[in-house]
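Dear colleague,

I am handing over the structure we spoke about, with sequence and coordinates below.

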Amino acid sequence: QVQLVESGGGLVQPGGSLRLSCAASGIIFRMNHMAWYRGSPGKERELVATITNGGTTQIEDSVNGRFTISRDNAKNTMYLQMNSLKPEDTAVYYCNAGGKVIYSNGPYHYTPSEHWGQGTQVTVSA
């Protein structure tokens, strides 16, 4: 019953921008921690960014300063704004909803749930 639908991917030149969306249904969206992951051939699926139900964000070092995660609870939608894109950003980007947040020594750790979207392809190439 939980459904996550990613959109906004496409082909873009290096230095360009894209905004990805993840539309959620079947959950109380405002209460769920959310995350973006990405995967590509030769690489395991990796965490990109997270946002808690309270709006706290964590961005992975590989994209920090270029990517921004946000959410609009009124629209049940999470976003990933991607700027200054590089070829190494090429991947399928996936939405995860309802993961577990564990606090330790400051930064929190996000453990994904089994609720994934189908993914949206981002290709960065000249």
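This is a predicted model: local features need pLDDT of at least 70, side-chain atom pairs count only at pLDDT 80 or more; totals for chains, interfaces and linings use all residues.

In which loop is H33 found? H33 belongs to the loop between strand 3 (18–25) and strand 4 (34–40), where strands are DSSP runs of E with at least two residues, helices are runs of H or I with at least four residues, and both are numbered from the N terminus.

Residues are numbered from 1 along each chain as its sequence is written, and side-chain values use heavy atoms, with hydrogens and water left out.

To return to H33, this residue is buried, at a relative accessible area of 17%; buried means under 20%, exposed over 50% and partly exposed in between, with a 1.4 Å probe and protein chains only. Leaving aside residues up to four places away in sequence, H33 touches I51, T52, N53, R71, N96, A97, G98, G99, V101 and Y110, contact meaning heavy atoms within 4.5 Å. With N53 there is also a polar atom of the H33 side chain 3.0 Å from the backbone nitrogen.

Turning to the strands, an open sheet of four strands runs in the order 1-3-8-7 with antiparallel pairing, two strands being paired if DSSP finds at least two bridges between them. Strand 1 (3–7) and strand 7 (67–72) stand at the edges with a single partner strand each, so one side of each has no neighbour in the sheet. On average, and with direction ignored, neighbouring strands of this sheet are turned by 15 degrees against each other, the axes being lines fitted to C-alpha atoms. Strand 1 pairs with strand 3 in the antiparallel sense over five bridges, and L4 stands opposite A24 in strand 3.

For the protein chain as a whole, there are 12 strands and zero helices. Its radius of gyration, taken over C-alpha atoms, is 14 Å, close to the 14 Å that the globule rule (2.2 Å times the number of residues to the power 0.38) gives for 126 residues, so the chain is as compact as a globular protein of that length. The C-alpha atoms fill a box of roughly 40 × 35 × 25 Å along the principal axes, and 42% of the 126 residues count as buried.

Definitions and conventions
A polar contact is a pair of N or O atoms within 3.5 Å; within protein, one must be able to donate a hydrogen and the other to accept it, and residues adjacent in sequence count only if both atoms are side-chain atoms. Axes are lines fitted to C-alpha atoms, for helices over the stretch in contact, and angles run from 0 to 180 degrees between N-to-C directions.
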